[in-house]
Amino acid sequence: MGAIFETEEEESKINESKNVGSPTKPPLLFFFGELSGETKHGFFDPIRQTFDVVHLQELECQAECLASRHGWLLILSRETSSLFFFNPLMRRRIDLPYSNRIITAAAFSAPPTSPNCTVYAIKSSTFNDACELHIDTFLMGQESWIPHSYKSTTKPLIGNVVQAVCSKEVLYCVDSRGRVGAFDVKIGNWTLFPSKEFQKVCTISLVEFNGDIFAVKKGGYGVIEKLYKLSIEHGMAAWEEEKDLGDFSVFVGPYVSCGVLAPNEETKEKLFVADCRPESKCVVYNVDGMDYKKASRFIGGSFSWWYTPVWIER
């Protein structure tokens with residue numbers, strides 16, 4: 001894994017306990033062979049434009065990546081339906097208690113090595129005008145999951161949740177229609193935010209950075225259209241278009257999106273988008289105000305349909 005770590009000292013630092021604060025180093029793009037049960041995987045560095053092939057025996061079973069944060073993947077085994085954490089840089093695995101629900105999305109608040117890490121397993125379903133939302137939480141060190149259920153027979157709280165992120169012990173979810181809601185685990189409260197900005201869109205991706213929540217709006221063929229920031233004042237929520245990234249770089253992916261402080265001009269005012277298309281696994285956009293222009297792209301090559309691109313924070 002020579003090109004993945006810059007020096008032996010840097011590799012040692014990664015193996016130490018991580019600070020939960022926002023990262024300042026660009027993430028790596030991990031190519032995860034979900035459906036094939038491959039032991040061969042890859043790491044792509046979008047800044048250095050380098051690619052490393054690695055063999056991970058720990059991931060030889062068919063599995064699905066549900067979330068990625070703080071250098072860890074939250075994985076659902078397709079063979080046993082069990083959940084576990086895996087750090088592909090340290091090759092370390094942490095198993096979680098079995099959950100008897102069908103999980104459609106998940107998130108976690110901190111590295112699983114932290115006693116403050118809360119895992120959120122989500123199942124949502126809609127039928128006619130009825131909505132059922134199940135959010136099971138697990139605090140590292142506990143023995144079992146704690147269930148939270150919400151039902152609505154008049155107005156759907158939210159549809160089928162496809163992505164979730166955590167910020168300040170609040171879980172933010174987005175459904176397949178672009179509706180965004182939040183679950184506060186402390187008080188057990190569910191809030192649905194106005195999201196007219198995301199009507200009739202192909203998809204949006206949620207990004208947490210320094211405690212703030214952003215939404216990347218995609219149009220046809222996954223093309224980036226706009227970036228919004230969630231503003232909450234006096235109990236009122238609104239999405240405001242972000243017109244200047246400044247020193248903030250955004251990395252968008254199918255399972256996780258993240259933001260970092262741009263350490264240099266190579267990452268400043270840039271938006272990196274990973275997708276599952278075989279012809280391009282990573283597209284880089286130059287951001288000029290509200291204008292998004294494609295600057296470059298990385299071709300996945302042999303890591304095509306069978307591999308899912310997942311951002312790994314460092």
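1. The second largest cavity is lined by F44, P46, Q49, C282, V284, S296, R297 and F298. A cavity here is a set of points, on a 1 Å grid over the protein atoms alone, where a 1.4 Å probe fits but cannot get out, and lining residues have an atom within 4 Å of a point. This is a predicted model, in which local features need pLDDT of at least 70 and side-chain atom pairs pLDDT 80 or more, while totals for chains, interfaces and linings use all residues. Residues are numbered from 1 along each chain as its sequence is written, and side-chain values use heavy atoms, with hydrogens and water left out.

2. That second cavity has a volume of about 40 Å³, taken as the space filled by probe spheres set on the grid points, which are joined across faces, edges and corners. β24 (291–298) and β23 (282–288) each supply at least two of its lining residues, and β24 gives the most, with 3. Strands are DSSP runs of E, at least two residues long, numbered from the N terminus.

3. On to the largest cavity, which holds about 70 Å³ of space. Its lining includes R69, F108, C166 and Y255, and β4 (63–69), β8 (105–108) and β12 (161–167) each supply at least two residues.

4. Now for a sheet: 4 strands form an open one in the order β3-β2-β1-β25, with antiparallel pairing. Two strands pair if DSSP finds at least two bridges between them. At the edges, β3 (50–55) and β25 (308–312) each pair on one side only.

5. Within this sheet, β2 (residues 40–45) and β3 pair over 6 bridges, and K40 stands opposite H55 in β3.

Methods: On a 1 Å grid over the protein atoms alone, a cavity is a set of points where a 1.4 Å probe fits but cannot get out, and a pocket is an open set with protein on both sides within 12 Å along at least five of seven lines; lining residues have an atom within 4 Å of a point.
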